[in-house]
Amino acid sequence: MNVPRLVIAAPSSGSGKTTVATGLMAAFAERGLAVSPHKAGPDYIDPGYHALATGRPGRNLDAFMCGPELVAPLFAHGAAGCDLAVVEGVMGLYDGAAARGELASTAQVAKLLRAPVVLVVDASSQSRSVAALVHGFASFDPQVRLGGVILNKVGSDRHEAMLREALEEAGTPVLGVLRRAPQVATPSRHLGLVPVAERRADAVAAVAALAEQVRAGCDLDALMALARTAPALECEPWSAREAVSPLGGPRPVVAVAGGPAFTFSYAEHAELLRAAGAEVVTFDPLHDEALPEGTSGLVIGGGFPEVYAPELSANEPLRGAVADFAAAGGPVAAECAGLLYLARSLDGRPMCGVLDADARMSERLTLGYREAVAVSDSSLAAAGTRLRGHEFHRTVVEPGAGAAPAWGFTHPERRVEGFVRQGVHASYLHTHWAAQPSVARRFAEAAAAHR
């Protein structure tokens with residue numbers, strides 16, 4: 001496979017990776033190119049903006065959750081038939097899973113993809129020192145190929161001239177210069193950017209503004225030429241159809257929560273469910289008063305139910321339908337936001353009452369990769385199944401685990417978490433099913449049996 005590609009990295013978070021990556025995706029898509037968008041790490045929100053910019057699903061490349069061996073195949077799956085792929089990095093270029101060396105870092109992803117790196121540097125508080133900074137990042141790992149720099153938050157023509165002169169001495173190409181532009185900033189809150197689904201019209205305008213800013217400040221032809229220097233990848237694209245075998249018999253309907261309150265999902269999950277033989281139907285718990293007709297499996301992923309607690313609580317018909325489905329033994333896979341929705345209450349407002357637990361907002365951010373083993377047999381995983389995932393929330397559920405916990409965490413700390421009850425599997429842990437396709441197959445089987 002030989003798709004031109006770039007990895008957009010930075011010395012640290014907050015340098016402007018999302019601005020540049022999304023703007024580049026949109027600018028190249030406006031040229032009529034088929035652009036494949038990717039995000040290193042587990043983040044769900046940035047890929048929503050990437051999808052808006054390109055018209056294609058934003059896909060994650062996470063070497064911790066999926067293993068380094070799946071990074072290139074998953075990339076090839078998403079980028080098949082495209083003219084260009086742009087990969088937005090995570091944190092600083094060399095930052096990865098805590099105490100795991102380069103694992104899950106942007107640098108590791110770039111090496112696995114054999115892709116040139118473009119470093120986005122926040123130049124707002126420096127001039128000649130930028131050359132020393134870039135030299136350090138370029139020389140730290142000789143296997144990482146730094147192809148050039150995009151300078152962000154440049155204050156003036158004179159500031160730009162000083163930066164260019166310093167980098168010319170260091171021999172690093174400047175591929176773009178972006179001035180301070182607060183008007184294209186995207187709003188944030190307690191877990192990062194506000195998802196696209198919650199601000200559709202504003203998000204469209206923001207992406208268009210990013211494209212204009214990048215088009216005006218970056219040398220798109222030079223960036224495309226750099227992308228074309230990436231050599232062919234010698235791997236077969238990942239395939240959901242090859243990862244799972246299909247069920248026989250009628251296709252069970254698996255309802256997947258969507259809409260503004262439930263925006264966190266990986267595209268491969270639905271692809272695996274379909275490959276396993278399920279019909280995947282999306283519903284919106286904010287507005288739909290009933291589950292999709294014929295629902296025999298229910299997936300409620302991550303998102304922001306805490307922001308929409310009044311509306312979710314007010315939709316009593318759907319809350320009742322979810323509770324009835326769970327009480328009848330229907331298979332339910334709930335992650336993070338789904339866990340909160342299934343609780344008895346969220347910040348004092350009634351939720352579905354499937355779990356004997358209550359949820360509330362917290363000032364403490366829980367964030368990090370986890371290694372987990374399934375404690376209890378469930379519709380999602382057999383006891384003993386090992387998975388890697390991540391937690392990302394500012395809420396607390398009390399109690400934190402039921403009589404039959406969902407997961408036992410083995411790293412970085414040892415504890416049990418989540419709930420298994422009849423067909424319900426509910427937990428804070430976000431997982432990537434491509435790493436363990438048997439999860440999708442098992443859930444589809446449970447849905448077919450319930451049907």
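This is a predicted model: local features need pLDDT of at least 70, side-chain atom pairs count only at pLDDT 80 or more; totals for chains, interfaces and linings use all residues.
Residues are numbered from 1 along each chain as its sequence is written, and side-chain values use heavy atoms, with hydrogens and water left out.

**Exercise 1.** Describe the lining of the second largest pocket.

*Solution.* Start with the term: on a 1 Å grid over the protein atoms alone, a pocket is an open set of points where a 1.4 Å probe fits, with protein on both sides within 12 Å along at least five of seven lines; lining residues have an atom within 4 Å of a point. Next, count: 45 residues line this pocket. Thr-263, Phe-264, Ser-265, Tyr-266 and Ala-267 lie nearest its centre. Then find the main contributor: H10 gives the largest share, six residues. Helices here are DSSP runs (H or I, at least four residues), as are strands (E, at least two), numbered from the N terminus.

**Exercise 2.** Work out the strand order of the open sheet of six strands and find its edges.

*Solution.* Two strands pair if DSSP finds at least two bridges between them. The order is S11-S10-S12-S13-S21-S20, with mixed pairing. S11 and S20 (419-421) each have a single partner strand, so one side of each is left without a neighbour in the sheet. Now look inside: S13 and S21 run parallel, joined by four bridges. Val-332 stands opposite Val-424 in S21.
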